[in-house]
Amino acid sequence: MSIPVLDFSVCSLNESKDVSGDQMRKLSEEMKTAFMEVGFVFLKNTGITQEEVDRVMDISKKFFLQPDELKQPFSRKSFAHSLNHGWVSMETERLDPRRPGDLKEAFNIASLRPDMKWPSADAVSGFQEIQTSFFWRCKELSLRVLKVMAHSLGLDPEVFLSTHRLMGTDENGTTLRSLYYPLVNSQQAKEGQLRCGEHSDYGSITLLFQSSEGLQVRRRSGEFICAPRIPGAVLINIADLMQRWTGDQFVSVRHRVLLPPAGDSSTRQSLAFFVHPDDEALITCCDGSNRYPPITAGAYLIERFNESYGQS
């Protein structure tokens, strides 16, 4: 199994005209096959450029390289209206509860309220503008991907589009997450510790942009394969709520980031745009089955956060 690479140019952010029936049919069939068999797909020619990605990674790294006392005022859970927004320090999160805390830092952008407090020191000048602009670009791309996914399942696109209208507000859990994996001395790491523990994502889909390789994806056989880095391409994967929503037609696959090999002193960065339905959206199996009981997207997300952050 390898991760398919699809050309998304007909639905690119640079395209404003409607896609022809034949073009949509071809793209949606390819995407359906990828999401049913692998759970991951690379999209090239999306309209989001490598220069845009590099700009966000650059300003994010400047934030992470500051002393912890300058990052502390922006800690996750310190924002009353958006508890997932903000900085996550090293080893705070354990995505695999069987292992020690993950060797990574993150900055979550979960709300774009006008009264949100943003890093504004000279060292991170432009942080709010760069991150916010990229959030909106990812939102627009994710809606285009969801539309193709609906078409692939023979659904009215509004089944997905109408339940993702509130991204960027406090009524939706969608999050742009900048991740920084500092250099690691594997001899000093705790037993079983990883850069990012094995997990599956929580919501609808995830858009991932990577600075380097390191991500591993689990095959159905149980073995892991390395996801390559394709400059300019976006890696999209199905998340757990979407698997549930589609009655297990689309598969949400577990993945992880291992420690670098001994002697490798490189850092790693990624940007993940975690797409979630609106909190009040009731998720029921769209194939008419009763494989899973109905649940609101907001309740499901809180349940999953408690698993990842519940142990210190």
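Where is Pro182 found? Pro182 sits in the loop between strand 5 and strand 6. The model is a predicted one: local features need pLDDT of at least 70, side-chain atom pairs count only at pLDDT 80 or more, and totals for chains, interfaces and linings use all residues. Residues are numbered from 1 along each chain as its sequence is written, and side-chain values use heavy atoms, with hydrogens and water left out. Helices (H or I, at least four residues) and strands (E, at least two) are DSSP runs, numbered from the N terminus.

Pro182 is buried, with a relative accessible area of 16%. Buried means under 20% relative accessible area, exposed over 50%, and partly exposed in between (1.4 Å probe, protein chains only). Pro182 touches Met90, Leu103, Lys104, Arg195 and Thr267, leaving aside residues up to four places away in sequence. Contact here means heavy atoms within 4.5 Å. Val5 lies 177 residues from Pro182 along the chain, and their C-alpha atoms are separated by 29 Å.

Eight strands form an open sheet with mixed pairing, in the order 1-2-10-7-12-5-4-3. Two strands pair if DSSP finds at least two bridges between them. Strand 1 (5-7) and strand 3 (86-88) are the edge strands, each pairing on one side only. From one strand to the next, the twist averages 25°. Strand 7 (residues 205-210) and strand 10 (residues 234-238) run antiparallel and are joined by four bridges. Within this pair, Thr206 stands opposite Asn237 of strand 10. Helix 4 (residues 127-152) packs on the sheet. Its contacts include strand 2 (40-44), strand 4 (105-109) and strand 5 (175-181). The direction of helix 4 makes about 130° with that of strand 7. Axes are lines fitted to C-alpha atoms, for helices over the stretch in contact, and angles run from 0 to 180 degrees between N-to-C directions.

A second open sheet has four strands in the order 6-11-8-9, with antiparallel pairing. Strand 6 and strand 9 (224-226) stand at the edges, each with a single partner strand, so one side of each is left without a neighbour in the sheet. Neighbouring strands of this sheet are turned by 25° against each other on average, direction ignored. Three bridges join strand 8 (residues 215-218) to strand 9. Val217 faces Ile225 of strand 9 in this pairing.

The largest nonpolar core has 64 residues, and Met149 and Leu207 have the most contacts inside it. A nonpolar core is a set of buried Ala, Val, Leu, Ile, Met, Phe, Trp, Tyr and Cys residues joined through side-chain atoms within 4.5 Å. Helix 4 gives the most to this core, with 12 residues. Among the residues that Met149 touches are Met31, Phe35, Ile205 and Phe250. Apart from this core lies another, of 26 residues, including Val38 and Leu235.

Two cavities of 30 Å³ or more were counted. On a 1 Å grid over the protein atoms alone, a cavity is a set of points where a 1.4 Å probe fits but cannot get out; lining residues have an atom within 4 Å of a point. The largest cavity has a volume of about 410 Å³, the space filled by probe spheres set on the points. Of its 31 lining residues, Leu95, Arg177, His199, Asp201 and Phe274 are the closest to its centre. Strand 5, strand 12 and helix 7 (297-309) are among the elements that each supply at least two residues of this lining.

Key. On a 1 Å grid over the protein atoms alone, a cavity is a set of points where a 1.4 Å probe fits but cannot get out, and a pocket is an open set with protein on both sides within 12 Å along at least five of seven lines; lining residues have an atom within 4 Å of a point.
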